[in-house]
Number of protein chains: 2
Amino acid sequence: MALLHSSYKQLEEIVGKSNFIHNIEDRICYAYDATGQTYCPDAVIFPKNATEIAEILTLANEHDFYIIPRGSGTGMTGGSLAIKGGVVLAFSQMNRILKVDKDNLIAHVEPGVITGHLQAFVEDMGLFYPPDPSSSDISTIGGNVAECAGGPRAVKYGVTRDYVLGLEVVLPTGEIIQTGVQTKKGVVGYDLTRLFVGSEGTLGIITRIILKLIPKPEAVQTMLVVFDDVNTAAETVFAVRTLSITPRCIEFMDEASIQCANQAVPLGLPAHVKALLIIQVDGSPYQIDRDMERIQQLCYAKGALRVEVSNSSEDTERIWKARKAISPALYMFGKDKINEDIVVPTNRIPDMIKKIDALRTASKLMMVCFGHAGDGNIHVNIMLNKDHSSELEKAEKVIHEVFAYTLELGGTISGEHGIGITKARYMPMEIGKVELALMKKLKTLFDPKGILNPGKLFL
Amino acid sequence: MALLHSSYKQLEEIVGKSNFIHNIEDRICYAYDATGQTYCPDAVIFPKNATEIAEILTLANEHDFYIIPRGSGTGMTGGSLAIKGGVVLAFSQMNRILKVDKDNLIAHVEPGVITGHLQAFVEDMGLFYPPDPSSSDISTIGGNVAECAGGPRAVKYGVTRDYVLGLEVVLPTGEIIQTGVQTKKGVVGYDLTRLFVGSEGTLGIITRIILKLIPKPEAVQTMLVVFDDVNTAAETVFAVRTLSITPRCIEFMDEASIQCANQAVPLGLPAHVKALLIIQVDGSPYQIDRDMERIQQLCYAKGALRVEVSNSSEDTERIWKARKAISPALYMFGKDKINEDIVVPTNRIPDMIKKIDALRTASKLMMVCFGHAGDGNIHVNIMLNKDHSSELEKAEKVIHEVFAYTLELGGTISGEHGIGITKARYMPMEIGKVELALMKKLKTLFDPKGILNPGKLFL
């Protein structure tokens, strides 16, 4: 890293003195993400455009120092952490919505745009950007693209990948490239666009994103479905998915999640509630009335205790506030969190819930499950004190069992959080040797000197 | 190719004598595709599974001969042509629908399944596979994935890429790999799945495809909108796209296309019709009645001569039969066809139509336009006699101008047909030098000896 220090002057020259920091008080703010782990970068730089980033990467290649791109640091797997030191590239100055083309349902944005800002901006124009990670009030579109963020609405609308039409990217070697198209269709050459989506900042620095938008749904309705048994809730999720209706989302909370949510936003639920679903449908007002009725009937038929249809936007907002509060509120159960992000086929959710129950009983660990059940994506959280090595060891064994069972059911170990540093050692459980070797070769092709976001994905 | 001949015995051993042909009468049947160009392969082989294909590719690497994967040969850009000789790999024996999982809305299929067969099979179960290339009665899913086929329904449902969750692929070097997931979400490692989608059979041989399905829409309605002016039709397309309704398709036909369609299936249209749109909406019966009414009103407001709502499934079938007949019927205007596949932003369709009018007048060439106007994807066809070199030269100049204007409008030179051999020389108009070099490096990474589908994409 001696060479990094000798590059400080050049880095300052590229972006200007005020856009480069290396004093400890400032750079410590860029050491965290949602994993709770901290790695302080050697410096933080705030580029304003692709040209500056190209110069920075060229310099990093010459002088062998690491570059770590970072949105808002809301990642769940450590993708933005400077685990080997180096220079964090922060996008707070590249946060412009460059263009929203209402005629063609397309937006051009810089990576530092806050997802929630973009959503609000386009909704005011009668348009809709469907991907909605729970961190959308804070997370950036650039981070969402790098991780291929999902969120509750993926059931109906798909994930970030499905909305990225084209990109501007600075390659690790310093060239600026354009990928994809500005139109709804396009098949010219290899799909570099989707190769960058979900590559966790390891293949290039995204500097401009062309997003597909859709017309804003006319209306939305929300229901809260309450169960006195977690398995009945899990079976109901699957039953709803066999209707010809595709809800906008089907969120699941187990007992402990409800406790977390309730603490943040009192939901006024009876004490014996063991699980709940938030089901949302959108479309034309007539259509959704009809859909809501059918879903409601089905929920009662499957054994729901109560179905509460939200009657006002305040009501709905309260429900979502509660849902989004779970993740941060989890710390009431322990100072540390192991947060997993499995996906199983929706008809195997009941099996997975039973498995987790058995593991909880056997291990006596505090395990909390919630998530986007509509597409089988369950966030399994273990709350613990990592300082107690026996607890940690037990938790790691449990996680291993959860992953093994997930794969046995035909699932995947990450639906939307990615691999980063926290899951790198588990990746070989899902990805074969040849496939992993191929991925590593791709990394080397794009980043021959390994300067970009080191230590992520691969061990 | 001496080495190829010496491999015949080994190839026969791998697949069995009856699954390997090299007599001219048989292999000539595998020399064609929809481009009208012919290149006779040295041999044709009919593998039954990935293991056999792995052995074939290993042998091809050892003995330096070419392998060309081929579905039904309906490609529009020469992707399946053995332009440098070699062994065509035909998938007629790998045509099983392996599994349709109604509970999880997923299908596993072999690449040789006819797209239309899969559509009918899942529709009988109340499910829906949306991508619908016009060749769907003949084309294979494997070919659709390799080219990232589109079709009319892409306006609402997206293209083949959006339905491929995972793949089994034999790499050119003979390893069998699994990519992607069997679930609706998944972000573990680089997105190899989408890298293979649309790679035109140059990066690997797809041997199994995991597809996402959706519930079958309850009802569909179709309208035929008739115009006495082509520009009004083009402006109407764009106007419909600004409604909050997303139609299932918006197909456009100019005067010459109508003549072609009418010849195949009499549509009973008045003589002065200059353009027409086929607009289809799907959803619940109530919803689509309402959508149809709004679209109809808008069409009249924009200046449509007449809107005919199809009243029976026979009626609708007749309309689609006419639409699908255009491409083959084009030969009434000339013995050769140059078939292009541009996409422009939908609000620039009127500009593109005017440009083509001007080029038609100036060049006196027979130019026919039709296509998936709803997402800006227009098939521009020039009908000519290629033996007349002056005609061909003129046509090539016109194509160049069409492409240049497409790119000027922010479009792409191929929406769904790919590059293959026919567009390889135009690719540098859209793809930059660095991007093209990167794609070539990817090709070399996957296929170091260049044995797989040579001469495609890159010149």
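Predicted model: local features only at pLDDT ≥ 70, side-chain atom pairs only at ≥ 80, totals over all residues.
Let us start with one residue: A:R96 is partly exposed, with 49% relative accessible area. Where do A:R96 and A:E110 lie? A:R96 belongs to the loop between β4 (87–90) and β5 (97–101) of chain A, while A:E110 sits in the loop between β6 (106–109) and α4 (115–123) of chain A, so the pair ties together parts that are 14 residues apart in sequence.

Side chains of opposite charge can pair when their charged atoms come close. By the rule used here, there are 56 salt bridges over all chains. Another one links A:E308 to A:R306, where the closest N and O atoms are 2.2 Å apart. Are these two residues buried or partly exposed? A:E308 is partly exposed at 26% relative accessible area, and A:R306 is also partly exposed, at 31%.

Now look at chain B, where B:D291 and B:R290 form a salt bridge with their closest N and O atoms 4.0 Å apart. Here B:D291 is buried, at 8% relative accessibility, whereas B:R290 is partly exposed, at 24%. Back in chain A, salt bridges with shared partners connect A:D132, A:R153 and A:K324 into one network.

Next, see how the chains meet. The contact involves 78 residues from chain B and 78 residues from chain A. The size of an interface is often given as the accessible area lost when the parts come together. For chain B and chain A, the buried area is about 6300 Å², and carbon and sulfur atoms give 62% of that. Of the area that chain B buries against chain A, 16% comes from B:K185, B:V188 and B:Y190, more than any other three residues supply.

Charged pairs also cross this interface: the rule finds eight salt bridges between chain B and chain A. One of them joins B:D191 to A:R161, with the closest N and O atoms 3.3 Å apart. There are also 24 residue pairs in polar contact between the two chains. Which element gives the most to the side of chain B that touches chain A? That is α15(B), with nine residues. The residues on this side of chain B comprise 33 nonpolar, 26 polar and 19 charged.

Finally, a word on confidence. Chain A has a mean pLDDT of 95, with 99% of its residues at 70 or more. For the complex, the predictor gives an ipTM of 0.96 and a pTM of 0.97.

Terms used: Residues numbered from 1 in each chain as written. Chains lettered and ligands numbered in written order. Heavy atoms only, no water. Contact = heavy atoms within 4.5 Å. Buried area = accessible area lost by both parts, 1.4 Å probe. Salt bridge = Lys/Arg side-chain N within 4 Å of Asp/Glu carboxyl O. Polar contact = N/O pair within 3.5 Å; in protein donor to acceptor, adjacent residues only side chain to side chain. Helix = DSSP H or I, 4+ residues; strand = E, 2+ residues; numbered from the N terminus. Nonpolar A, V, L, I, M, F, W, Y, C, P; charged D, E, K, R; others polar. pLDDT = per-residue confidence, 0-100. Buried < 20%, exposed > 50% of the residue type's maximum accessible area, 1.4 Å probe, protein only.
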